[in-house]
Amino acid sequence: MGPATLADEAWGPCSAHPAPGPHPIANAVCRGVAENARVEFAGGRIDALLICHGSLLRTAAPDSTACGIAQVRRYLERGTLRVLHLVFAPEAARPLLLGLVRLENRGEELLPVEYTEIWDVAGEAYASAPGGAERRDVDGLRVLADLGVGVRSRVPETVAPRGLALELTLVLPPRSRRDLCFGYARGDPDEARVPALRALRGEVRPLLADTVRGWMKRLPETPDPVAAYRAELARMRAVP
């Protein structure tokens, strides 16, 4: 499984071999970084764990990785299960990244999956609500939220001393796909909550398409738009 399997999606071009160094996942007000299989944002690493028929899959050890326009994609494969974990920065000036996770069962039998989304951020003050959790410290507020149309994830029963997590159990019918959506938001230390996360439920896929479309309109015509995106971000950061 790899970038070629997503040619029918409006997710833009990607490169399995980007230029050396970290790949930015950024908009006007926030910046995440992907390097090799590592994806970090606001002081914490974004990852996922999956258990299927006793096998453990981790985005920290993907089968392949590809970088794209304001995004990074990690791919996992085990038996008939295919997984895409995509993190991107929406074009709008919002202090957050968004995640789109595609689970696909290519077999002829039901496929049970235990899924956990993780954002390994620090923070002593912890709070949770249906479909979301937050941590707060002197550096600010961090919120992990389920942004699917219907919120089905839950916080773990046991709270870890560090990080945020959401988990769910699902069964994939034969020859089916299921998309999960998440938001990773940061805010100021005294902010009551990161605004507008709930308003983004059901909007992750359209926002991804809008983001790619907006960047492609601004970038020069080139055979390597991913390199052009990286160059444009570097130029923007250099402008006083």
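This is a predicted model: local features need pLDDT of at least 70, side-chain atom pairs count only at pLDDT 80 or more; totals for chains, interfaces and linings use all residues.
Local features require pLDDT of at least 70 and side-chain atom pairs count only at pLDDT 80 or more, whereas totals for chains, interfaces and linings use all residues. Residues are numbered from 1 along each chain as its sequence is written, and side-chain values use heavy atoms, without hydrogens and water.

Strands of a sheet pair through backbone hydrogen bonds, either parallel or antiparallel. In this model, nine strands form an open sheet in the order 1-7-8-9-10-16-14-13-12, with antiparallel pairing; strands (E, at least two residues) and helices (H or I, at least four) are DSSP runs numbered from the N terminus, and two strands pair if DSSP finds at least two bridges between them. Its edges are strand 1 (14–15) and strand 12 (125–129), each pairing on one side only. Strand 10 (residues 96–105) and strand 16 (residues 176–187) run antiparallel and are joined by ten bridges. Within strand 16, D179 is the bridge partner of R102. Helix 1 (residues 204–218) packs on the sheet and touches strand 8 (71–78), strand 9 (81–88), strand 10 and strand 16, where contact means heavy atoms within 4.5 Å.

The structure holds zero disulfides, a disulfide being a pair of cysteine sulfur atoms within 2.5 Å. For C14, the nearest cysteine sulfur, that of C67, is 8.7 Å away. The sulfur of C30 lies 16 Å from its closest cysteine sulfur, in C67, and is therefore too far for a bond. C30 is buried at 4% relative accessible area, and C14 is partly exposed at 24% (buried, under 20%; exposed, over 50%; partly exposed, in between; 1.4 Å probe, protein chains only).

R237 lies in helix 2 (residues 225–238) and is exposed, with a relative accessible area of 60%.

Technical notes
Axes are lines fitted to C-alpha atoms, for helices over the stretch in contact, and angles run from 0 to 180 degrees between N-to-C directions.
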